[in-house]
Amino acid sequence: STRAGGVVPTCFDVNGTVVKLESSSVVQLPAFSLMPSFEQPYLFTVTVRKGRKTPQSFTMPVTVVAEAIPSVSISTQAGHRMADGSMRINSDDALVLQGSCSAPGASVSWRVEPALSDTTSTSVPFGFSGLTFKIAPSSGLLTEHQYSIILSCASESFEQVGSAALKVRRNDPPR
């Protein structure tokens, strides 16, 4: 949580009341319950404990803004999700991503950072402008790079452009 430009361990709502989150697999907060976070995102951490196993935690930064922004998400069935939220994909598998945007009729576009070495229709058969994005196995994803794949969504009915990102690394077989 942020307050007066500093980070505090407790999250407060717009009325200054401590936000209490339920211990469940899905946590929802009512719209407009948090103040805009400006430069400091809210940090939500989930810790999973099971028996005598070592607890695992994951922290997700969330920026709350005052302007309307379309909700954007990226999903995939490929690869393996790592503890840091990134994906690892085998070098001989295609990466197929499905995007969604809450703004009907919005303009969507994908970008990859750093840029792919091959952006031909063979390597990126659906192009960079639909809700489905595919990177073929021969696309030139380099083993030593982590790629950010970003989906942006722009609509006249929203004041800002929404975006979602997924970090991906290529997993080469052992030598």
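An open sheet of five strands runs in the order E6-E7-E12-E11-E9, with mixed pairing. Strand E6 (80-81) and strand E9 (107-113) stand at the edges, each with a single partner strand, so one side of each lacks a neighbour in the sheet. Strands here are DSSP runs of at least two residues, numbered from the N terminus. Two strands pair if DSSP finds at least two bridges between them.

This is a predicted model: local features need pLDDT of at least 70, side-chain atom pairs count only at pLDDT 80 or more, and totals for chains, interfaces and linings use all residues. Residues are numbered from 1 along each chain as its sequence is written, and side-chain values use heavy atoms, with hydrogens and water left out.

**Around strand E7**

E6 and E7 pair in the antiparallel sense over two bridges. They form a hairpin with five residues between them. Gly85 in the turn has a positive phi of about 95°. His80 has Arg88 in E7 as its bridge partner.

E7 (residues 87-90) also pairs with E12 (residues 162-171). These two strands run parallel, joined by four bridges. Met87 stands opposite Val168 in E12, and Asn90 stands opposite Asn171 in E12. Which residues of E7 lie on its covered face? Met87 and Ile89 do, while Arg88 and Asn90 lie on the uncovered one.

**Aromatic rings**

A search of the whole structure finds three aromatic pairs. Rings of Phe, Tyr and Trp (its six-membered ring) pair if their centres lie within 6.5 Å; planes under 30 degrees apart count as stacked, over 60 as edge-to-face and the rest as tilted. Two of the pairs are listed here.

| Pair | Centre to centre | Angle of planes | Kind |
|---|---|---|---|
| Tyr42 and Phe44 | 6.4 Å | 40° | tilted |
| Trp110 and Phe133 | 5.0 Å | 15° | stacked |

Trp110 sits in strand E9 and Phe133 in strand E10 (residues 132-135), 23 residues apart. Both Trp110 and Phe133 are buried. Buried means under 20% relative accessible area, exposed over 50%, and partly exposed in between (1.4 Å probe, protein chains only). Tyr42 counts as buried because its relative accessibility is 3%. Phe44, at 23%, is partly exposed. Trp110, Phe128 and Phe133 form one aromatic cluster.

**Leu21**

Leu21 lies in the loop between strand E2 (6-7) and strand E3 (42-48). Its relative accessibility is 42%, so Leu21 counts as partly exposed.
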